[in-house]
Every structure is written in C-alpha cells, then in structure tokens.
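Thanks for asking me to look this one over. Here are my notes as numbered points, to read with the structure open beside you.

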Amino acid sequence: MVADMTAQPSPPVPRPASPERTTPVATPSADAGGPASDTAVHRPADPGPHDDGATARRTPRAAPRTLRSRLGDPPPGPLLLGLLGSLLMVIGGFGAGGVLVRDPILTNSAVGFWRYGHGRELAVAVVYLGVALMAWAWVRLGREVLAHRVGGRAVLTVSAAWLAPMLVSPPLFTRDVFSYLAQGALPLAGFDPYAVGPEVMPGIFTDNVHYFWQDTPAPYGPLFILLAKGMAALVGNNIILGVIGMRLLLVVGLVLLIWALPELTRRLGGRVPVALWIAVANPVMVIHMVGGGHNDLLVVGLLAAGSLFALRGRHATGIAIVTAAMAVKASAGVALPFLVLIWAAHLPGSRTARVLKAGAAGLGVFLVVFTAASVAAGVGLGWLPALSAPSMIVNWLSLPTGAGELTHTLVSIVADVPKQPFINVGRIIGAIVLLYIAVTQWWKARDGGPDAIHRAGIVLFAVAVLSPATLPWYVSWGMALLAMVAWSPRALSWLVFGSLWLVIVYYPSGEAALYNWGYLAVCAALCTLAAVSLRHPDPLKLRTRKADTETPAPVPSDVATAGSGAERAG
C-alpha cells in the first residue's frame with residue numbers, strides 16, 4: 001500500500017529541440033502500476049536532492065515569471081472542470097443540500113421552487129453533476145501528479161480554486177453544522193451541553209438540527225464547545241452567517257494541514273504533490289470536510305501540526321497541540337502515546353525509563369492543556385459519557401456493525417431472530433481487533449521518529465473503520481498522516497475508489513444512502529471506472545474503437561514516433 005512511487009527510468013529518447021538540458025523521467029507503465037504510457041516524460045535535469053516537485057517545468061532564467069508560473073503552472077483542464085463542479089454543487093445545494101427549515105432568503109421568493117417538488121429534484125441532479133465533474137477533475141489531476149507533470153504548488157492552486165466556492169455553500173451531505181451551533185448556544189442559554197440535547201432550547205438553531213440528534217448531549221470536547229459558544233454568541237440568530245462563520249473557523253484546520261504537510265511528507269518518505277492530491281484536493285476534503293463543515297477538519301490540522309512539532313524536537317508543544325485536537329474530538333487522543341515514543345527516543349537511559357519519563361512529562365502537558373480548555377469553556381467531564389452517542393448510528397460503514405448485520409441477514413434466512421445481539425457481538429469483536437492493532441502498532445513504533453507518526457496514522461484509520469459507528473469524514477483522521485507516506489500507484493487507485501465511495505454513500509440532504517442497493521451498485525461501478533482510469537486514461541477503449549474506424553494519413557516514420565511521444569508526454 002505504501003510502496004515507493006518513484007518511477008524507474010526508461011531507455012533514453014530523442015533529445016527535444018530545446019536549449020534546456022533534460023533527462024528522461026519515465027512515466028510508470030501499466031505493468032508497473034503507473035499510468036498507461038510507454039514514453040518518458042521530460043523534466044529539467046539535476047533538480048537537487050531537496051526538490052519536492054513543486055515546479056515540474058522550469059522556464060529559462062531570463063524569462064519573466066508570469067502569475068501562472070508563480071502559481072505552479074496549474075493544468076487548466078482539471079482546474080476549470082473542478083471549479084465548475086464546485087459551483088454546480090453550491091447552486092444545487094440551495095435546494096438539495098442541508099437546507100434550512102425556513103430559509104429567510106429563498107422562502108416565498110421567485111426562486112423558492114428550487115427547494116420543493118420538481119425544483120428540488122432538479123437541484124439534486126445539479127449537485128450530482130457537480131460531484132461527477134469534481135471526481136473527473138480529481139482523477140485528471142492525479143494523472144498529472146503521477147506523471148510528474150505538475151508539482152505541489154500547482155496542486156495547491158487547483159485545490160484552492162475548488163475549495164473557494166465551498167466556503168459560502170449550504171451544508172452539503174450533512175446537517176451537522178446546525179448541531180454545532182445549537183450545542184454552542186446551549187451554554188449561552190444556561191444549559192449544560194453535556195447533560196441535555198438541543199430540544200430543550202427552542203429556536204432557529206434547534207429547528208434545523210437533524211431529528212436524530214435533537215435529544216443527544218454534545219459528544220465533543222471542551223475546546224470545541226468553547227469555539228461553538230463563541231460563534232453562537234457572535235452571530236446571534238443569524239443562522240446563515242453562523243454556518244459560514246463556523247466553516248471559516250474550522251478552515252483553520254485546513255491551513256494548519258497545508259502548513260505542516262510539506263515537511264511531514266519529506267520526513268515520512270512521500271512526495272509533496274501526491275500528499276496534497278490525497279489530503280487537500282480529495283473530494284472528501286472539498287465536499288465533506290469543507291462543504292459539509294465538519295469539525296474533523298480542525299482535528300486533522302491539529303494532528304498534523306502537533307506531529308510536525310514533535311518530530312522537530314519540540315515535544316511538549318506537539319503534545320499540547322494534539323491534546324487540543326482531542327479537546328475537539330476524543331479520537332485524536334489515540335496519537336498521544338505515539339508522540340510519547342518520539343519524546344522518549346531523545347531521552348537518556350534504558351528504553352523503559354525513557355518511556356516512563358516521557359509519559360509522565362506528556363501526561364503533565366495533557367492535564368494542563370485539557371484543564372485550561374475545560375475551565376475556559378465552563379464545562380466538566382460530562383462529555384465522556386456522551387461519547388457513546390455516535391454508537392446509536394447503525395450502518396455498515398463500521399466494519400464490525402456491517403459484519404453483525406450481514407450475519408443477522410444470513411441467519412434470518414432460516415430463523416426469525418433480533419438484529420441487535422449480532423451487532424453487539426460484532427462490535428465487541430471489532431473492539432478486540434482495534435485494541436490488538438493499537439498495541440502492536442505502538443510497540444512497533446517504540447524507536448520513535450517518523451515511523452511513529454506513520455503508525456499513529458494507521459491506528460487512527462483503524463479507529464475510524466472499527467469503531468461501533470463510522471461516518472465518511474471519520475476516515476480523515478488517519479489520512480491526515482497517512483497521506484504523507486510513500487504510495488504506490490496501485491494503492492492510489494484504491495484510494496480513488498474509496499474516496500469517491502465515501503462521498504456518495506450519503507445523499508446531498510445528509511440522509512444515509514447505505515441501504516439503497518440499486519443506487520449503490522451504480523455508484524460502485526462509476527467509482528471503479530474512476531479508479532481504473534487513474535492509471536489507464538481510456539479504460540473503456542473508446543479512443544481505440546474510434547481510431548479503428550478511421551484511416552490514418554501516411555506520415556514519415558520519424559515524425560510519427562516524435563508526435564506520439566510528445567502527445568503522451570504532454
């Protein structure tokens with residue numbers, strides 16, 4: 001899964017007619033797990049040991065730098081295609097997304113039809129068209145990254161263009177942001193958000209909370225309650241401003257992730273353009289994390305930043321930052337024992353003594369930061385019992401829950417039995433497997449260093465899929481660290497399938513689509529097509545069929561060879 005992505009050089013090809021000296025860099029062949037091409041791609045020779053691919057093509061020194069070159073020379077096709085997809089999702093989201101019960105702008109307006117009846121059906125179609133265009137653009141950008149034709153700056157520029165419209169979008173594929181605002185408003189109204197749900201406080205925030213969470217106490221840490229309370233106090237009853245403000249607040253996590261990513265990637269052995277393509281340009285990030293406005297976005301940024309500080313030797317700072325991530329969502333605390341191992345590797349004494357010293361120091365930092373967050377938020381530890389709230393969700397995205405449901409379905413063929421005992425047994429087995437993975441990965445990381453961060457990412461990913469309940473954006477916890485390791489092209493194809501699958505298993509309104517089997521079958525076929533097309537640009541052989549019906553004009557053999565190479569390399 002994490003094999004080195006560096007391509008092996010192919011035999012030399014004719015030197016291009018250019019004053020710039022170049023060396024051939026092979027595009028991985030289909031047999032090697034790379035894009036289907038047998039022609040070398042040229043880039044400037046001797047880029048230097050610290051080159052991260054940020055400039056895939058260099059202009060002569062005398063040429064003035066244009067704005068496009070300053071932005072990394074982003075490929076216009078994927079950029080514009082993904083931007084169009086984002087705009088379509090925003091437009092469709094006003095009718096098909098997590099819309100307000102009563103929209104103060106659209107209700108009783110000339111475009112109010114967009115929220116009801118055939119208008120809403122059209123809005124749903126527009127959202128899905130936007131998702132399809134975004135997916136296509138992401139795959140095309142991935143091909144450019146795999147072929148070393150674009151660098152990190154270009155990927156970041158394209159990602160920024162895709163993400164910008166999402167900052168003002170209605171919530172897409174979720175209604176969670178309304179719960180955040182309601183939970184922030186509860187302490188302002190004199191209620192304990194860890195003791196009661198939003199239903200005790202009638203008002204515009206509560207009216208828009210999903211019915212499933214109306215009576216559920218907040219399962220989030222004190223730092224997030226503090227942030228949500230501040231946002232609710234700032235916007236008053238303006239829920240539209242509240243949604244945008246909460247999203248902008250959470251985007252701080254994306255900024256932290258982008259800041260930490262280049263150095264983390266070099267330390268963990270990956271490629272910066274690939275890591276940006278996985279972690280930032282990913283439709284899960286664009287659509288779910290930013291478009292949906294999930295607080296997991298803040299968690300992943302804090303995880304990445306804390307990990308980087310720990311690797312730099314600023315261990316107390318790293319643990320403090322990851323503790324802040326845990327004070328948003330408890331799952332982030334899984335990374336703390338791995339940061340202790342990094343600290344221990346820099347201390348004198350036996351391994352046991354070093355781990356105990358680092359553990360004691362780390363615990364002290366944790367208690368100071370967590371206590372400060374709790375005091376500032378004016379809450380206690382009541383959120384710990386509320387952590388069980390997500391387990392009320394029953395869906396097969398959680399592997400243990402899915403295994404229990406499948407077993408029940410098979411047994412029900414011959415006996416009428418209740419489902420819940422099967423789910424409970426599946427979740428117990430899942431907890432045992434998760435504990436085993438966590439302990440073994442921690443033990444293997446005992447030497448500290450970047451490997452400890454890699455293994456922390458593995459455990460965070462395991463927590464997401466083996467917990468009693470899994471939601472699509474939970475996978476971002478582990479991917480915030482795993483994106484920076486070395487990936488093989490074949491593993492990236494699986495990543496494409498999984499990422500697009502996570503986008504479509506919920507409807508734009510935020511309701512689950514996990515049991516609409518016909519819909520899921522069609523989506524699975526399309527996700528498979530996208531995954532295959534990452535390494536094989538024409539998986540359905542459409543161009544070949546078209547070429548078979550045409551008679552090519554005769555051309556000199558040397559011109560044909562050169563033209564074919566230029567077309568594939570460009």
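1. Let's begin with G449. In this predicted model, setting aside neighbours within four places in sequence, G449 is in contact with L311 and I342. G449 itself sits in the loop that runs between α17 (420-444) and α18 (450-466).

2. L311 belongs to helix α11 (residues 296-311), which is worth a look together with helix α12 (residues 315-326). As a reminder, two packed helices are described by the angle between their axes and the distance between the axes. For α11 and α12 the angle is about 170° and the axes are 7 Å apart. That angle is over 145°, so α11 is roughly antiparallel to α12. Their crossing is left-handed.

3. Which residues of α11 and α12 meet? On the α11 side you will find V299, L302, L303, A305, G306, S307, F309 and A310. Facing them from α12 are H315, T317, G318, I321, V322, A324 and A325. By type, the residues of this contact comprise 10 nonpolar, five polar and no charged.

4. Next, please turn to helix α9 (residues 272-279). Is α9 enclosed or open? Eight of its eight residues are buried, so α9 is largely enclosed by the rest of the structure. The buried residues are V272, P273, V274, A275, L276, W277, I278 and A279.

5. Two of those α9 residues, W277 and I278, come up again in the largest nonpolar core, which has 165 residues. W277 and I278 are among the residues with the most contacts inside that core, together with W162, M246, L297, L492 and V496. Helix α3 (residues 117-146) gives the core its largest share, 13 residues. What does I278 touch beyond residues up to four places away in sequence? Its partners are M479, A483, W487, L492 and L495.

6. Finally, the overall picture. The chain has 23 helices and two strands. Of its 570 residues, 53% are buried. Counting contacts between residues at least 6 apart in sequence, 71% join residues at least 24 apart.

How values were computed:
Residues are numbered from 1 along each chain as its sequence is written. This is a predicted model: local features need pLDDT of at least 70, side-chain atom pairs count only at pLDDT 80 or more; totals for chains, interfaces and linings use all residues. Side-chain values use heavy atoms; hydrogens and water are left out. Axes are lines fitted to C-alpha atoms, for helices over the stretch in contact, and angles run from 0 to 180 degrees between N-to-C directions. Helices (H or I, at least four residues) and strands (E, at least two) are DSSP runs, numbered from the N terminus. Angles under 35 degrees count as roughly parallel, over 145 as roughly antiparallel, 65 to 115 as roughly perpendicular and the rest as oblique. A crossing is left-handed if the near helix is turned anticlockwise from the far one by less than a right angle, and right-handed if clockwise. Contact means heavy atoms within 4.5 Å. Ala, Val, Leu, Ile, Met, Phe, Trp, Tyr, Cys and Pro count as nonpolar, Asp, Glu, Lys and Arg as charged, and the others, Gly among them, as polar. Buried means under 20% relative accessible area, exposed over 50%, partly exposed in between (1.4 Å probe, protein chains only). A nonpolar core is a set of buried Ala, Val, Leu, Ile, Met, Phe, Trp, Tyr and Cys residues joined through side-chain atoms within 4.5 Å.
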